[in-house]
Amino acid sequence: MKKISVFKYDSEDNVVKALYKIGLIIFVPLVILFFFLRTDTAVDYLLNGGYYCTFKSATGLNCPGCGGTRASFYLARLDIVNSFKMNATVIVSVILYLFFMIKETLHRVFGLKGVKEWQVYVLIAIFVATVVTRWIVCNFVFVL
């Protein structure tokens with residue numbers, strides 16, 4: 001009996017192709033979110049306490065994504081310093097996303113070198129390390 005899998009990776013190129021397709025799919029919602037975060041409605045909701053963190057109320061600890069929405073808000077307004085203060089993971093995520101998408105787009109359009117599978121794993125490791133480090137620092141080193 002043959003196994004059927006939703007994600008079929010016969011070569012390293014398939015991993016990169018799948019992630020590129022996902023990156024293209026989330027591009028439009030990210031652009032819409034970027035423009036929404038620049039509105040006054042977003043200011044009222046985000047900066048006047050319109051959000052609630054279930055993880056923090058259950059554990060007393062900041063969640064790994066704590067401050068991510070506010071960081072996105074500041075980043076959308078191009079306030080890099082405050083965005084970094086709220087949650088550095090957002091800026092790192094944007095940089096990694098842009099690096100991957102630009103390099104892969106240049107590969108597909110102009111035939112330049114694309115992203116290799118091992119580079120994808122390095123990007124994921126950087127992201128995970130950033131999330132974990134920020135969470136440890138935020139909860140156990142000093143309270144922000």
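Author: Buried means under 20% relative accessible area, exposed means over 50%, and partly exposed is in between (1.4 Å probe, protein chains only). This is a predicted model, in which local features need pLDDT of at least 70 and side-chain atom pairs need 80 or more, while totals for chains, interfaces and linings use all residues. Numbering starts from 1 along each chain as its sequence is written, and side-chain values use heavy atoms, without hydrogens or water.

The protein chain has 7 helices and 0 strands; both are DSSP runs numbered from the N terminus (helices H or I, at least four residues; strands E, at least two). Read from the N terminus, the order is α-α-α-α-α-α-α. Of the 144 residues in the protein chain, 29% are buried. Contact means heavy atoms within 4.5 Å. Take contacts between residues at least 6 apart in sequence: 57% of them join residues at least 24 apart.

Now the inside. A nonpolar core is a set of buried Ala, Val, Leu, Ile, Met, Phe, Trp, Tyr and Cys residues joined through side-chain atoms within 4.5 Å. The largest such core holds 10 residues: Val16, Tyr20, Val92, Leu96, Tyr97, Phe100, Met101, Val115, Val120 and Leu123. Helices H1 (12-36), H6 and H7 each give two or more residues to this core. H6 gives the most, with 5 residues. Beyond its neighbours within four places in sequence, Phe100 is in contact with Val16, Leu19, Tyr20, Val115, Val120 and Leu123. Another core, of 5 residues, lies apart from the largest one and includes Leu37, Ala42, Phe73 and Ala76. In soluble globular proteins, nonpolar side chains tend to be buried together.

Helix H4 spans residues 68-76 and is mostly covered, with 7 of its 9 residues buried. Leu78 sits in the loop between H4 and H5. Its relative accessible area is 64%, so Leu78 counts as exposed. Just after H4, Leu78 takes a positive phi of about 60 degrees, although Leu78 is not a glycine. Most residues other than glycine have a negative phi.

Asn87 comes next. It lies in the loop between helix H5 (80-86) and helix H6 (88-110). What does Asn87 touch, not counting residues up to four places away in sequence? The list is Pro64, Gly65, Cys66, Gly67, Gly68, Ala71 and Arg134.

A salt bridge is a side-chain nitrogen of Lys or Arg within 4 Å of a carboxyl oxygen of Asp or Glu. The count by this rule is 1. Glu104 and Arg108 form a salt bridge through their side chains, at 3.0 Å from N to O. The two residues are 4 apart in helix H6, so about one helical turn separates them. Glu104 is buried, because its relative accessible area is 2%. Arg108 reaches 36%, so it is partly exposed. Side chains of opposite charge can pair when their charged atoms come close.

Phe127 lies in helix H7, which covers residues 117-141. Its relative accessibility is 34%, so Phe127 counts as partly exposed. Asn139 is also in helix H7. At 14% relative accessibility, Asn139 counts as buried.

Phe55 is in helix H3, residues 54-59. Its relative accessible area is 34%, so Phe55 is partly exposed. Between Phe55 and Gly65 there are 10 residues of sequence separation and 10.0 Å of space, C-alpha to C-alpha. Gly65 is also one of the residues that Asn87 touches.
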